[in-house]
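Dear colleague,

I am handing over the structure we talked about, and below it I have written out what was found in it. Please keep it open while you read, so that you can look up each residue as it is named.

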Amino acid sequence: MKLTVNKEQIIEGLLKAAAILPAKAGTQYLRSIWLKAEDGRLEVMATDATLEFTGRYPAEVEEPGLVGVQGRAFVDLVRQLPGGVLRLSLDAATGNLHLEQGRRSYKLPVSGAEWFQNVSAFPEENAVAWSGDFLQDLLDKVSFCIDDDDSRDAIACLCMKPQANGRIDVCGLNGHQFALVSFIHDDLAARLPQEGMLIQKKYLQDIKKWLGVDEIELNLTDKRLYLRTVNGDETLSLPRAAYQYPDYNVFLSRLSEEDMRPMSLDRKELMEALGRILIFNTESDRCTYMDLSAAEAQLSAQGQDVGSANESLEVAYSGDIKRIAFPTRNLLDILGHFVSPKVDMLLTGTEGPCGIRGADDSDYTVIIMPMRISETTYYSEEDV
């Protein structure tokens, strides 16, 4: 193998490849980034045995070949080199890969082609074009509500499920919070299975790191999801989860029942108040208490060691719920994902799901469960 390539054209791809390598891997194959030179390009491949990355970049190839290099060390070296042309050549006698740039020269041990295992190819048929920044926004709005524990099966996954007329629901659930974004994309809805597609939360950060703002192509098979840049230069694939997602319409429908009590208030004022009240929360009491009337919400918290807090906010409310409590940090986090100046809190009961919506956050709903208020001042979260 012998080629020259520009650092600026490959460094982002190398960083993406290194990002999916396992920190500790027993096999040399999984520790390696694979470099394949052929047909005027350098192909960069990496996998952690579940995620797979492929990048193709222009290069002047004098001799084709395939080698694996110690991934993190190779990428760290290239990253610290100045911009410009890099020359890579395989020394058949010593089995080392030579990397040269001007008066700099380095020798790197390699894994032979016999260790290489092909990564999955992007399926060309019925691929769907999609906006990369829109997908990034979807992941931001939903992923914080997904359970972090892989052992929780389906609720540790993002769910993307087709509905009627090309509408798609993207949602996340962790037992005491739920987030839902709906949008219309006819082609994608036609490709998704009726039961929905599930992706484990542990892969979402890798998708976000890979995504840019440009359009992407998406495709799926029975077992994998594939994402590719429109020019075909980079592909990321990951496994689909095979769990059955809960029927979220059971608790979502509560928000449209006749006894639902909406309360409208200023989002920024509420966030600022919650930020101050959070100071007075303790491990044993993480709540903000809301005492409600038609035009006012009295917010309070009391910490045994840090004192107490009381704040008043203007609201528009006509319900009969007089007192309710929410976990302060969770409510603050939820509000940070909205952009609407005013939000509606859709109250269904002191222990029933509370929906949050905003006029400028179309087709976006987050549900949070209130905390149980007991006379012994013990509080527990209720599962959805």
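A salt bridge is counted here when a side-chain nitrogen of Lys or Arg lies within 4 Å of a carboxyl oxygen of Asp or Glu. Please bear in mind that this is a predicted model.

With that cut-off, the count between domain 1 and domain 2 is one salt bridge, and a search of the whole structure finds 21 salt bridges. Side chains of opposite charge can pair when their charged atoms come close. Another salt bridge joins E234 to K16, with the closest N and O atoms 2.8 Å apart.

As for the domains, the assignment gives domain 1 (2-115), domain 2 (128-168 + 183-246) and domain 3 (249-368). The centres of domain 1 and domain 2, taken over C-alpha atoms, are separated by 29 Å, while 12 residues of domain 1 are in contact with 13 residues of domain 2. About 1100 Å² of area is buried between domain 1 and domain 2, and carbon and sulfur atoms give 46% of that area.

Turning to the helices, helix 1 (residues 7-19) and helix 3 (residues 71-80) have axes that come within 10 Å and cross at roughly 145 degrees, and the crossing in which helix 1 passes helix 3 is left-handed. Helix 1 contributes K7, I11, L14, L15 and A18 to the contact, and helix 3 contributes R72, F74, V75, V78 and R79. Sorted by type, the residues of this contact are seven nonpolar, no polar and three charged.

Finally, please look at K342, which is found in strand 23 (residues 342-347). Its C-alpha atom is separated by 9.4 Å from that of E269, although K342 and E269 are 73 residues apart along the chain. If neighbours within four places in sequence are left aside, K342 is in contact with S264, L265, D266, R267, G358 and A359.

Conventions:
Residues are numbered from 1 along each chain as its sequence is written. This is a predicted model: local features need pLDDT of at least 70, side-chain atom pairs count only at pLDDT 80 or more; totals for chains, interfaces and linings use all residues. Side-chain values use heavy atoms; hydrogens and water are left out. Axes are lines fitted to C-alpha atoms, for helices over the stretch in contact, and angles run from 0 to 180 degrees between N-to-C directions. Helices (H or I, at least four residues) and strands (E, at least two) are DSSP runs, numbered from the N terminus. A crossing is left-handed if the near helix is turned anticlockwise from the far one by less than a right angle, and right-handed if clockwise. Contact means heavy atoms within 4.5 Å. Ala, Val, Leu, Ile, Met, Phe, Trp, Tyr, Cys and Pro count as nonpolar, Asp, Glu, Lys and Arg as charged, and the others, Gly among them, as polar. Domain bounds come from an automatic or database domain assignment. Buried area is the accessible area (1.4 Å probe) that two parts lose on being put together, summed over both.
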